[in-house]
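Hi,

Here is the structure I promised to pass along.

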Amino acid sequence: MSSDQSAVPADSTADDADTASESARATARKQLERAAAELDLDRNVVERLRHPAKVHEVTLPVERDDGSVDVFTGYRAQHDSVRGPYKGGLRYSPHVTKEECVGLSMWMTWKCALMDLPFGGAKGGIQVNPKALSDDEKERLTRRFAHELRTAIGPMQDIPAPDMGTDAQTMAWIMDAYSMENGETEPGVVTGKPKVIGGSPGRSAAPGRSVAIITREALRYYDTPLEGARIAVQGYGSVGGHAARLLDDWGATIVAISDVEGAIHDPTGLSVDEIPLHDEQPGAVTAHEGSSVSHLTNDDLLELDVDVLIPAAIGNVLTETNANAVQADLIVEGANGPTTSAADAIFRERGLPVIPDILANAGGVTVSYFEWLQDINRRSWSLERVNEELETEMVGTWNRVREEVAERDVSWRTGAYVVALSRVAEAHSHRGLWP
Ligand code: NAD
């Protein structure tokens with residue numbers, strides 16, 4: 001591999017790069033066990049759900065712009081499809097591992113079931129630093145990945161979507177590669193596409209919008225007015241940025257935001273509408289100045305005394321080490337898996353409510369479902385319809401989880417898992433085990 005380009009090839013390890021002290025798979029399994037015990041679920045079903053149905057591992061040789069060839073590793077973990085085709089994002093990151101894809105695919109199974117979508121769970125990605133690739137190299141890598149996965153994905157089989165390091169353009173390349181190999185245009189093979197080829201209005205803002213809706217509902221539940229509520233958001237990207245802007249529009253005070261470079265804090269409130277999101281202008285967060293703005297680290301942001309903390313960047317940022325130092329009154333998980341199970345136990349003991357990722361950021365997969373429906377029906381929806389239906393689905397699911405939390409006196413995470421898992425388990429018991 002060319003020494004000046006630090007994309008991660010197949011033979012490297014992600015051990016040193018992983019921020020996780022606990023793998024996503026280990027966290028997901030512990031969460032499954034906790035909810036299964038609450039539901040007194042059939043052990044045979046739990047045992048099946050502890051394992052993914054399939055994990056595809058593919059080798060991806062790619063010609064670099066200088067004519068050399070590098071080889072990358074890609075994964076697609078397909079956890080469970082008892083309720084419908086597999087659904088989940090694709091990540092391009094040096095930290096992608098098989099274990100991480102498996103854990104994230106399990107979360108997608110619960111997330112789709114929690115939202116009552118007719119999908120199962122999948123997650124995939126390529127162990128690569130996308131910033132070290134040119135657009136042409138990224139396109140070649142993506143098309144090769146789509147080619148290798150061509151028999152594993154499809155509108156009725158497994159439907160990828162964007163995640164960290166991938167975007168609408170990545171999905172467009174996958175759709176094109178898949179369609180060319182199948183001899184017909186298949187927009188429903190991926191979601192999160194550009195609108196002109198079957199993407200849905202409101203898809204990119206949807207996970208952030210759902211985080212904002214759930215934060216609003218949770219504040220109402222805890223009798224804290226949204227107007228003036230002090231909120232800190234780690235990760236001012238697609239999820240965190242859209243959530244921060246919407247909550248600001250609704251009257252909350254966004255006192256801190258961050259990106260990978262660091263955080264900024266303004267106790268009087270940041271004008272987030274004026275700060276470009278990470279993909280609009282990388283580095284804009286730490287470059288932002290103001291008379292009452294101070295600079296913090298990402299770790300400091302997590303420990304600010306605020307009404308709501310929204311970790312919306314990466315996994316495993318709330319750990320055994322910092323859980324006791326968190327001063328927020330409420331945590332709403334924007335990222336997938338930001339809380340380790342040890343931190344979760346500390347928060348439970350402290351009585352600090354944590355609204356789980358599978359509920360808070362589920363707007364992404366919900367609008368992906370709307371997009372898939374639009375593709376299959378060849379009929380597009382207006383932005384107003386998308387946002388109205390998203391609002392209805394999010395509030396309906398929030399109310400369903402709230403009932404479970406009240407009835408069983410459990411955490412929000414366990415309440416959400418109970419709703420999701422009971423649907424998946426019931427589907428398994430009706431369908432049975434074949435052969
Ligand atoms: P993004 O790349 O748009 O934004 C990520 C943000 O986090 C950026 O501001 C980046 O600078 C910052 N960041 C990266 N590494 C960091 C670090 N080590 N410390 C602090 N900040 C860091 O990504 P996104 O799509 O917003 O995804 C964020 C999280 O939300 C991920 O966990 C992802 O799986 C999850 N998620 C995304 C979607 C989606 O559709 N985009 C849907 C549901 C969940």
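**Around the ligand**

An oxygen atom of the ligand sits 3.4 Å from a polar backbone atom of Gly-237, which I list as a polar contact (a pair of N or O atoms within 3.5 Å; within protein, one must be able to donate a hydrogen and the other to accept it, and residues adjacent in sequence count only if both atoms are side-chain atoms). Val-239 has a polar backbone atom 2.9 Å from a ligand oxygen, and for Tyr-236 a backbone N or O atom is 3.3 Å from an oxygen of the ligand. On its own the ligand has 830 Å² of accessible area, and the protein covers 84% of that (Shrake-Rupley method, 1.4 Å probe).

Before going on, a caveat: this is a predicted model, where local features need pLDDT of at least 70 and side-chain atom pairs count only at pLDDT 80 or more, while totals for chains, interfaces and linings use all residues. Residues are numbered from 1 along each chain as its sequence is written, and side-chain values use heavy atoms, with hydrogens and water left out.

There are 21 residues around the ligand, and Arg-91, Ser-238, Val-239, Val-260 and Asn-336 come nearest (near means a heavy atom within 4 Å). The shell splits into 9 nonpolar, 8 polar and 4 charged residues (Ala, Val, Leu, Ile, Met, Phe, Trp, Tyr, Cys and Pro are nonpolar; Asp, Glu, Lys and Arg charged; the others, Gly among them, polar). Domain 1 (53-197) and domain 2 (206-360) each give at least three residues to this shell, with bounds from an automatic or database domain assignment.

**A pocket elsewhere on the list**

The second largest pocket is lined by 15 residues, with Arg-48, Asp-80, Ser-81, Val-82 and His-428 nearest its centre (on a 1 Å grid over the protein atoms alone, a pocket is an open set of points where a 1.4 Å probe fits, with protein on both sides within 12 Å along at least five of seven lines; lining residues have an atom within 4 Å of a point). Its lining divides into 7 nonpolar, 5 polar and 3 charged residues.

Most residues other than glycine have a negative phi, and most peptide bonds are trans. Asp-116, not a glycine, has a positive phi of about 60°. Trp-434 and Pro-435 are joined by a cis peptide bond, with omega about 5°.

Cheers
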